[in-house]
Amino acid sequence: MRNEILEYFRKANGGYVSGEQISKDLKVSRTAIWKHINVLKERGYIFESSTRKGYRLIYAPDLLTPLEIESVLHTELLGRHIVYYESTTSTNEEAKKIAMQGAEEGTIVVAEEQVTGHGRLSRSFYTPFAKGIWFSVILRPKFFPMEASKCTLMAAVGVCRGIHRLGLPAAGIKWPNDILVNGKKMVGMLSEMSSSMEKIDYIILGIGINTGIKENEFPEEFRETATSFLNEGINVSRKNLLAAVLAELEAEYKLAQTEGFERVLEDWRKLSITLGKEVRVIYSNENYIGKAVDIDKDGCLLVETKEGIQRVLAGDVSIRPVDAPIPQR
Ligand code: BT5
């Protein structure tokens, strides 16, 4: 309904729209229209009202509607089909549903806000309205299922390069797939897969990039460890950032399909901020310290310890700087 109301204002192009007319056309009460307009105001839209003429839209926030995205998108595959929500539970959940129903490869699900956005192990991920890019990409690669984990590394490369393009060359990848700027997390990613023994049915790459969250708006638990474009001094256009990320991700995906993952892993190494550092590896009940020296051909992190090289699989493992407190479980 709100989108239909907005459509009137877009068409009026800055001119007045009569509330009475909208209520007649859409067959809802004037009070209902007024309530929707109030919600839009809370979401950053600015209206001017006149008792005689109705409402006039003065400012619309940078939203990620399909029309807005398509106006700046230059990809061939990713984002050519867009499913858009103002608010949803989780774009990964929506993407899984439509992938199971046969949604085509490259489809993206985008939401201005997620009510139950989540990370690994059901940890919640903070995704407030229009203050980040919260989206999921559906891929149907011809790789073997055992290669799927490398798609996560590929996604990290694409997102990191997109962020560089929009003015933050300091962004780097923390293994396996967080993106940090000046030591703080700006991006979280969650990939999920459905496959048989020999064939991948679909992979969902769920990506959350903080754009307009102010430092004091982050929940207290991770205020010290999170950042956004705005915090780093950049008022980024979300649609341009999304278009850049999709273009870079598409380029890496093509590379992986034509030349295999070796080149993608090379790119990942160049963007890594984990390699060469002392890290603490935390499993459920144990932890140890070592130096992250490389990733192997399967994307596992190689950590040099006194006992020799440990091969660390992504999953329920946390990598922390050695001097950070050990989280209680
Ligand atoms: C992740 O999990 O970082 C993966 C997050 C994936 C989110 C995207 S948004 C679109 C799609 N739909 C979804 O439902 N999910 C994906 P993990 O590595 O488990 O890290 C979670 C931890 O990051 C939390 O426990 C917090 O400490 C921290 N965190 C939560 N929200 C954050 C935010 N917006 N920015 C930085 N850190 C955050």
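Predicted model: local features only at pLDDT ≥ 70, side-chain atom pairs only at ≥ 80, totals over all residues.
Local features were taken only where pLDDT is at least 70 and side-chain atom pairs only at pLDDT 80 or more, whereas totals for chains, interfaces and linings use all residues. Residues are numbered from 1 along each chain as its sequence is written, and side-chain values rest on heavy atoms, with hydrogens and water left out.

Helices (H or I, at least four residues) and strands (E, at least two) are DSSP runs numbered from the N terminus, and two strands are taken to pair if DSSP finds at least two bridges between them. On this basis, seven strands form an open sheet in the order 4-5-6-10-9-8-7, with mixed pairing. Strand 4 (82-88) and strand 7 (172-174) stand at the edges of this sheet with a single partner strand each, so one side of each is left without a neighbour in the sheet. Neighbouring strands are turned by 20 degrees against each other on average, direction ignored, where the axes are lines fitted to C-alpha atoms and angles between N-to-C directions run from 0 to 180 degrees. Within the sheet, strand 9 (residues 184-195) and strand 10 (residues 200-210) run antiparallel and are joined by nine bridges; S194 has Y202 of strand 10 as its bridge partner.

An open sheet of five strands, with antiparallel pairing, has the order 14-13-12-11-15. Its edge strands, strand 14 (308-312) and strand 15 (318-321), each pair on one side only, and the twist from one strand to the next averages 45 degrees. Strand 13 (residues 301-305) is joined to strand 14 by five antiparallel bridges, and L302 has R311 of strand 14 as its partner.

A nonpolar core is a set of buried Ala, Val, Leu, Ile, Met, Phe, Trp, Tyr and Cys residues joined through side-chain atoms within 4.5 Å, buried meaning under 20% relative accessible area with a 1.4 Å probe and protein chains only. The largest such core has 62 residues, and F135, I163 and I209 have the most contacts inside it. Helix 6 (residues 148-165) supplies the largest share of this core, 10 residues. Apart from it lies another core of 17 residues, among them I22, F47, F129 and A130.

The ligand is surrounded by 26 residues, of which S90, H118, R123, K185 and N210 are the closest; a residue counts here if one of its heavy atoms lies within 4 Å. Polar contacts are pairs of N or O atoms within 3.5 Å. A polar side-chain atom of Q114 lies 2.8 Å from a nitrogen atom of the ligand, a backbone N or O atom of H118 lies 2.8 Å from a nitrogen atom of the ligand, and a polar side-chain atom of R123 lies 2.8 Å from an oxygen atom of the ligand.

Terms used
Buried < 20%, exposed > 50% of the residue type's maximum accessible area, 1.4 Å probe, protein only. Polar contact = N/O pair within 3.5 Å; in protein donor to acceptor, adjacent residues only side chain to side chain.
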